[in-house]
Amino acid sequence: MNTPRSRPLMSRRSALTAAVLAPILAACSAGDNKPTMDPSASAYGTLYVTTGVLGAKTIVAHVYAQALRNVGYTVEVIGHNNNRDEYLAALGATENTRLDVAVDFTGDLLLHLTKNGTLSPAQLQAEHQTASASASAASAGVTLTPSATPSIPADISPSPSPTPTGDPIKPRALSLSDTLSAIGKIIPGHLKLMDTVSAQNRNVLVTTNATGARYKFNSLNQLPDVKAPLTFAVPEAYNTGNYGIALLKNVYKYQVPATKVANESTEREQLLTKDAVQVALLHSIDPSIEDNRFTMLEDPQSTQLNQQLVPLVRQSLPSSAQEAINRVSSTLDTGNLTFLLRLTSGTNPVAEDEAAKFWLDHPRK
């Protein structure tokens, strides 16, 4: 695996200028609640924060990085190539290749860890316990017998072995707390989930007003009545496994005629506005929905995942750093996150690091 630092840092897209931000200052209050500096922070060395995989996580990663700088840490922001296995491995890597903080979406992360829902958290937790017990025994020179293998905890229902059509965790039915609980049980022991960003978010399928009017649909349950062959723009993970396209067939009895895989939300937005596709998957916090007046298709059967941004950190991260991260998460409500996304996108975007510093120095009312 290439080390995260071998990839280029996120480029500065534009300078932050008074002209750009003057209208925004009216909506902000003075930053009068400065975080307390940690005098021991400099002794930790450089903290490495990754932007994780896709879209909104980039600006959030820069906000966490700036918040850590504000309490005394030296921080570097690292880009990744849309690979969860890579950043999870780097969070557990040695000093020379380590990451300290990563940002991800809860629903997507759970699907990744459970192989698109084919593995249950109970199954994975039992495997982790077995591996941990075996490693501990091996270091002590002891060979475990089968009876020493940890059993599945009583509070987690067992599930069958993974099958191509099985969906033991039923991700669409999980609440945020259940999703976090499941992730917490199956991430490696040296990692820790921090508080989720308070912004409300979920996956949504959207279309343009023109397309919705042309084919007379504004809800997923109307898709089977659409006679035209609609093309969907979706991330790769949505196109495979038990979740996403498969659920539209199983729940709404709609077979998607064609898909275009586009992992970046900006690419899916462009495909939709150009009518290269007729439906696209976005996050409900994406400002492009309002900017383009996209129609969010109703989902009466709740097939689309709830998605909260959540930081993952090393368990060894100092308490002052963890507190700085949680403080950011508690204030990043839907309005603030949408504000930051809008500030760093569009025709005159502000660089993420500058936008993060500005927002922390001038919290919105």
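In the predicted model, the largest nonpolar core comprises 41 residues, and Val60 and Leu68 have the most contacts inside it. Two or more residues are given to this core by each of the strands β1, β2 (74–78), β3 and β10 and by each of the helices α2 (57–70), α11 (319–331), α12 (334–343) and α13 (352–361). Helix α2 supplies the largest share, eight residues. Leaving aside residues up to four places away in sequence, Val60 is in contact with Val103, Val197, Leu309, Leu332 and Leu337. In soluble globular proteins, nonpolar side chains tend to be buried together.

Helix α3, which spans residues 84–91, is mostly covered, with six of its eight residues buried. These buried positions are Arg84, Glu86, Tyr87, Leu88, Ala90 and Leu91. They pack against the strands β1 (46–50), β3 (101–105), β4 (191–193) and β10 (309–314), and also against helix α4 (106–113).

Over the whole chain, 13 helices and ten strands are assigned. Buried residues make up 48% of the 365 in the chain. Among contacts with a separation of 6 or more, 81% join residues 24 or more positions apart.

Terms used
Residues numbered from 1 in each chain as written. Predicted model: local features only at pLDDT ≥ 70, side-chain atom pairs only at ≥ 80, totals over all residues. Heavy atoms only, no water. Helix = DSSP H or I, 4+ residues; strand = E, 2+ residues; numbered from the N terminus. Buried < 20%, exposed > 50% of the residue type's maximum accessible area, 1.4 Å probe, protein only. Contact = heavy atoms within 4.5 Å. Core = buried A, V, L, I, M, F, W, Y, C linked by side-chain atoms within 4.5 Å.
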